[in-house]
Amino acid sequence: MEILSYSFFQNALIAGIFIAISSAIIWNYIVIRREVQIWHTIANASFLGIIIGLIFQITSEITAIIFSIIAAIAVYFLEKSKKITSDSIMEYISQISMALWIFLLSFLPGLKVDIFSFLFWNILAVNTFDIYISWALLIFIWIYFYFLWKILLWNSISFEISKATQKYWDLANISFLILTSLLIAVSIKIFWILLIWAFLVLPANIWKLAGNSFKQMKHISIISSLSSVILWLFWSYYFDASPGATIVLILWIWVILAAIIWKILKK
């Protein structure tokens, strides 16, 4: 196929595959923990980092990661105080981040062209650096979950039981939030901020309709994420369709198919 000979398409495809696998692994735990809103909090903090990076002419990917980690750590320590509910904390941080990046944009109109690709996706913006960082993140996630998946699963099922029985509860919890922030920061450039929620959340929910175990959950999420990325890129190119609309429609097709399969199996 001719499209595979283009370096920009290769970059987007490879980076997209790495992120698809990573997100499928992490967001299964996020969905079980019922903390899906955290994507909104960290995405806004990450976008604030991107804008600041552009202002000071620093690599935007690095500043996005830094601000994402700051947001994750803030969520962790504010949640420990137990004076404010978790969803309120996430919303506060999200709104502050959003207010700051909107404020900066209003005074820096020259940056609006530079951030267009982060808001509305530009396949040409995905480069080899994105491939390396998404590949490194995937390797780290595999190693991380290999050693800590039991603690994280207990955290997802019951915080109280996990805290009482697991030795490294605090370390696992804060490291998980930081790892989630890294994934979102890296994903923004590839899947753009306005529709990143769909890519991160929908595959992790498909298992509820078609899977009966945690093992099935991981496999279904990975398959649906990978197939969505591959179909998304090829359909967008050959049918000249909107990239954002295409991936969301593909994901919803998988959700509908999962519901149909579940209904058939239930009978």
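Predicted model: local features only at pLDDT ≥ 70, side-chain atom pairs only at ≥ 80, totals over all residues.
Ala74 counts as partly exposed, at 28% relative accessibility. Buried means under 20% relative accessible area, exposed means over 50%, and partly exposed lies in between (1.4 Å probe, protein chains only). Ala74 is found in helix α3.

Residues are numbered from 1 along each chain as its sequence is written, and side-chain values use heavy atoms, with hydrogens and water left out.

Now the whole chain. The protein chain has 11 helices and zero strands. Helices (H or I, at least four residues) and strands (E, at least two) are DSSP runs, numbered from the N terminus. Of the 267 residues, 51% count as buried. The chain exposes about 13,300 Å², and carbon and sulfur atoms supply 71% of that area. Accessible areas come from the Shrake-Rupley method with a 1.4 Å probe; for residues, only the protein chains shown count as cover. Among contacts with a separation of 6 or more, 76% come from residues 24 or more positions apart. Contact means heavy atoms within 4.5 Å.

Turn to α2, residues 38-55. Helix α2 has 18 residues and reaches 26 Å from its first C-alpha to its last, close to the 26 Å expected at 1.5 Å a residue. The expected span of a helix is 1.5 Å times one less than its number of residues. Helix α2 is mostly covered, with 15 of its 18 residues buried.

After α2 comes Gln57. Gln57 sits in the loop between α2 and α3. Its phi is near 55°, a positive value in a residue other than glycine. Most residues other than glycine have a negative phi. Gln57 is exposed, with a relative accessible area of 76%.

Next is α3, residues 60-81. Helix α3 has 22 residues and spans 32 Å from first C-alpha to last, close to the 32 Å expected at 1.5 Å a residue. Its buried residues include Ser60, Ala64, Ser68 and Val75.

How do two packed helices get described? Helices α2 and α3 pack at an angle of about 145°, with their axes 7 Å apart. Axes are lines fitted to C-alpha atoms, for helices over the stretch in contact, and angles run from 0 to 180 degrees between N-to-C directions. On the α2 side, the contact includes Thr41, Ile42, Ala45 and Ser46; on the α3 side, it includes Thr63, Phe67, Ser68 and Ala72. The residues of this contact divide into 10 nonpolar, seven polar and no charged. Ala, Val, Leu, Ile, Met, Phe, Trp, Tyr, Cys and Pro count as nonpolar, Asp, Glu, Lys and Arg as charged, and the others, Gly among them, as polar.

Other helices reach this pair. Ser181 is in helix α8, residues 169-191. Ser181 is buried, with a relative accessible area of 0%. Beyond its neighbours within four places in sequence, Ser181 is in contact with Ile42, Ser68, Ile69 and Ala72.

Trp101 lies in helix α4, residues 86-107. Trp101 counts as buried, at 13% relative accessibility. Leaving aside neighbours within four places in sequence, Trp101 is in contact with Asn44, Phe47, Leu48 and Ile51.
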